[in-house]
Amino acid sequence: MLALLTDEGTRALVARAREKCADRRTALRREPAVRNIASHGACGMNLWVPVRDASAVVNGLRSYGWWVAAGARFRPASGPGVRISSAGLAKSGAERPAPDFAAVLGESEAAYGG
C-alpha cells in the first residue's frame with residue numbers, strides 16, 4: 001500500500017483526476033449560479049443544491065431525464081437538498097442541466113413552497 005501511495009505515476013494520476021473533477025464541478029456550478037440557483041461543493045465530483053422538498057426536485061428532474069440523489073443520506077447536519085454528480089458530464093456539456101433544474105425548482109416552489 002505504501003508503494004502505491006508513494007508511486008509518482010499513481011500520484012500524478014490522482015492529481016489529474018482531482019483537477020478534472022474540479023474543472024467539471026466548477027463548470028457544473030457556473031450556469032445554475034447565473035440563474036440564482038445556489039450550490040456548493042469544494043472537492044470531489046458532487047455539488048450540493050439546497051432545496052425545500054428534495055423528493056419533488058428529484059422527481060421533477062427525472063421527468064427531464066436527469067438523475068440526481070435526494071440528499072437525506074448525505075446530510076447528517078444540513079437542511080434538505082439534492083446531490084448532483086458531475087462525473088457523467090463533459091466539461092463542455094456541464095451547462096445542459098441548468099435550464100431543467102431552474103424549471104423544476106420553479107415548479108417545486110409553486111407546488112410545494114420550494
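A salt bridge here is a side-chain nitrogen of Lys or Arg within 4 Å of a carboxyl oxygen of Asp or Glu. The legends below describe a predicted model, in which local features need pLDDT of at least 70, side-chain atom pairs count only at pLDDT 80 or more, and totals for chains, interfaces and linings use all residues. Residues are numbered from 1 along each chain as its sequence is written, and side-chain values use heavy atoms, with hydrogens and water left out.

**View 1. The salt bridge between Arg-35 and Glu-31.**
The search covers the whole structure and finds one salt bridge. It joins the side chains of Arg-35 and Glu-31, at 3.6 Å from N to O. Arg-35 has 37% relative accessibility, so it counts as partly exposed. Glu-31 is also partly exposed, because its relative accessibility is 24%. (Buried means under 20% relative accessible area, exposed over 50%, partly exposed in between; 1.4 Å probe, protein chains only.)

**View 2. The antiparallel strands.**
Helices (H or I, at least four residues) and strands (E, at least two) are DSSP runs, numbered from the N terminus. Two strands pair if DSSP finds at least two bridges between them. Strand β1 (residues 46-50) pairs with strand β3 (residues 81-85) over five bridges, in the antiparallel sense. Here Asn-46 faces Ser-85 in β3. Strand β2 (residues 69-70) also pairs with β3, antiparallel, over two bridges. Ala-69 stands opposite Arg-83 in β3.

**View 3. The nonpolar patch at Met-1, Leu-4 and Leu-5.**
These three residues form a nonpolar patch on the surface, with about 370 Å² of accessible area together. Patch residues have over 30% relative accessible area and no salt bridge; like charges are joined within 9 Å, nonpolar side chains (Val, Leu, Ile, Met, Phe, Trp, Tyr) within 5 Å. Areas come from the Shrake-Rupley method with a 1.4 Å probe; for residues, only the protein chains shown count as cover. Leu-5 sits in helix α1 (residues 2-6). Its relative accessible area is 53%, so Leu-5 is exposed.

**View 4. Helices α3 and α4, by confidence.**
The score is pLDDT, the predictor's confidence in each residue, from 0 to 100. Confidence is highest in helix α3 (residues 54-63), at a mean of 90, and lowest in helix α4 (residues 97-112), at 77. The chain averages 84, and 93% of the residues score at least 70. Along the sequence, the elements run α-α-β-α-β-β-α.
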